[in-house]
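Let's take a walk through this protein, looking at a few of its side chains along the way. Have the sequence and the model open as you read.

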Amino acid sequence: MKRKFVAACGIMMAVFGVSAELVLHYDFQGADDAARLAGKGSDKTAAKIVVKNKCAVEFVNDQPFAGKSAVVFKNVPGQKMQGSALVIPGTAGKLAATEAGQKLTIALWVKADKPDAEGGLIGCGNGGHSSGWMFGTSNKNGGIAMTGCGTFGTRFSKDDSLKPGVWTHVALTWDVGAPEGIRFYMDGERVESSLNFISAKPCGKDAAEFVIGAKTPGQWQAFGGAVSDVRVYDEILSADAILALAARP
């Protein structure tokens, strides 16, 4: 197959001859909160701030580097913590990994406040852990983890950890239904993974709306730190495309 590569900033990207649609994209850039929360992918739905436990949500410029913007979640991270997050209305069931053969790429910049703290970065898992999926930081080794709700289980980055207070680009690709269908990347490089329990089955079909900054719609397992340039594609991006997303000036 003829290999194609197009700049990562566009809504459509051609990867190994396959057209990948950038469905969800939040770069948090703009002159006011309305602009910062706007959807920049093919789904233009604006995110909304939902505050819990009086935890602040702030926007900052020139992070992770000049020309970028980020959202900062002033949550206290931890498994039992409920905090503030961004909710994307009307996205329940979208990109929910309910059918074998579906493909996803999730990518974003992240800066965690605390090592080894579990928190949601982006996901659509429902509160009962029966449907949807959750991508976040892990309390297992300070790395990243992906949980598919229902019958899927959890996969962790094995040896690579996030450094607190340091910006890292994280990504995963997912061939839904394949036993080894998940691949993790940190700063554009493939990292090994391990599993807790896992099967090749897709997720359940009652996924929630997408949440950025927590794991569930009730904002449990809130993330403490900052994220930038959140992207969800409907196809598996190549390693070169992911490396391009992780490039620094």
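We start with aromatic rings and then turn to a serine.

This is a predicted model, in which local features need pLDDT of at least 70 and side-chain atom pairs count only at pLDDT 80 or more, while totals for chains, interfaces and linings use all residues. Residues are numbered from 1 along each chain as its sequence is written, and side-chain values use heavy atoms, with hydrogens and water left out.

How many aromatic pairs does the structure hold? There are four, where rings of Phe, Tyr and Trp (its six-membered ring) pair if their centres lie within 6.5 Å, and planes under 30 degrees apart count as stacked, over 60 as edge-to-face and the rest as tilted. One of them joins Phe65 and Trp109 edge-to-face, at 5.5 Å centre to centre with 85° between the planes. Phe65 sits in the loop between strand 4 (57-61) and strand 5 (69-73) and Trp109 in strand 7 (residues 103-112), so this pair ties together parts that are 44 residues apart in sequence. Strands here are DSSP runs of E, at least two residues, numbered from the N terminus. Both Phe65 and Trp109 are buried, meaning under 20% relative accessible area (1.4 Å probe, protein chains only).

Phe135 and Phe184 form a stacked pair, 6.4 Å centre to centre with 15° between the planes. Because Phe135 belongs to strand 9 (residues 133-137) and Phe184 to strand 13 (residues 182-186), the pair links parts 49 residues apart in sequence.

Now find Ser69 in strand 5. Ser69 is buried, at 6% relative accessible area.

Note on methods: Helices (H or I, at least four residues) and strands (E, at least two) are DSSP runs, numbered from the N terminus. Buried means under 20% relative accessible area, exposed over 50%, partly exposed in between (1.4 Å probe, protein chains only).
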